[in-house]
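Hi everyone, thanks for coming. Please bring up the sequence and the 3D view on your screens, and we'll walk through them together.

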Amino acid sequence: MKYDYTNVKNIYIICGKTDMRKGIDGLATLVQDFFGLDPYGDSIFLFSGWSKDRYKCLYFDGNGFAMLYKRLDNGKLQWPKNENEMRNLSQQELRWLLEGLSMQQPKAIQQSPKSLF
């Protein structure tokens, strides 16, 4: 199964520590009941546990849920610590996170809002 996730509408990171023993049903219930989001929407949900060297990704592809579980061999993720927070990430922030960088890069050129001339 190869799927292009770059066109997914929303990328959500569930901050803090998640019990990594949870499976698809447990993670979907957490998304729905605790954060009030629709796990069936066009969204990716990311979870990490205590050690920050592994994460799970939950996605509904239209006919079922897919869950990716990755354990890093070297390094840790810079996962946000606030237990009760969920953030919507851009594709760039997701790349930074999965490369072991902070999601906020102070030296990166930020997108500017439209202005009037």
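K52 sits in the loop between β2 and β3. This residue has a positive phi of about 60 degrees, although it is not a glycine. And is K52 buried or exposed? Its relative accessibility is 12%, and the cut-off for buried is under 20%, so K52 counts as buried.

Before we go on, please keep in mind that this is a predicted model.

Now let's step back to the whole chain. Its secondary structure comes to two helices and five strands. If you start at the N terminus and follow the elements along, you read β-α-β-β-β-β-α. The C-alpha trace spans about 50 × 35 × 30 Å along its principal axes. For 117 residues, a compact globule would have a radius of gyration near 13 Å, and the chain's 15 Å agrees with that. Of those 117 residues, 36% count as buried.

The five strands form an open sheet, and its order is β4-β3-β2-β1-β5, with mixed pairing. What stands at the edges? Those places go to β4, residues 65-71, and β5, residues 86-89. Each of them has a single partner strand, so one side of each is left without a neighbour in the sheet. From one strand to the next, the twist averages 20 degrees.

Strand β1, residues 10-14, runs antiparallel to β5, and four bridges join the two. You can find I11 standing opposite L89 in β5. Then look for helix α2, residues 91-98, which lies across β1, β2, β3 and β5. This helix runs at about 110 degrees to β5.

On to the other helix, α1, which covers residues 24-34. L27, A28 and V31 are buried there. Looking down the axis of α1, you'll see the buried residues fall within an arc of 100 degrees, so they line one face of the helix. What do they pack against? The buried residues of α1 pack against β2, β3 and β4. The face turned away from that buried side carries D25 and D33, which are exposed. Just after α1 comes G36, with a positive phi of about 70 degrees.

My last stop is the aromatic rings. A pair of rings is described by the distance of the centres and the angle of the planes. This structure holds five aromatic pairs. In one of them, the rings of Y12 and F45 have their centres 5.4 Å apart and their planes at 15 degrees, so the pair is stacked. Y12 lies in strand β1 and F45 in strand β2, so this pair ties together parts that are 33 residues apart in sequence. Both of these residues, Y12 and F45, are buried. Finally, do look for Y40, F60 and F65, which form one aromatic cluster.

Key. Residues numbered from 1 in each chain as written. Predicted model: local features only at pLDDT ≥ 70, side-chain atom pairs only at ≥ 80, totals over all residues. Heavy atoms only, no water. Pairing = 2+ DSSP bridges. Axes fitted to C-alpha atoms, helices over the stretch in contact; angles between N-to-C directions. Contact = heavy atoms within 4.5 Å. Phe/Tyr/Trp six-rings, centres within 6.5 Å; stacked < 30°, edge-to-face > 60°. Buried < 20%, exposed > 50% of the residue type's maximum accessible area, 1.4 Å probe, protein only. Arc of directions from axis to C-beta. Rg over C-alpha atoms; globule rule 2.2 N^0.38 Å.
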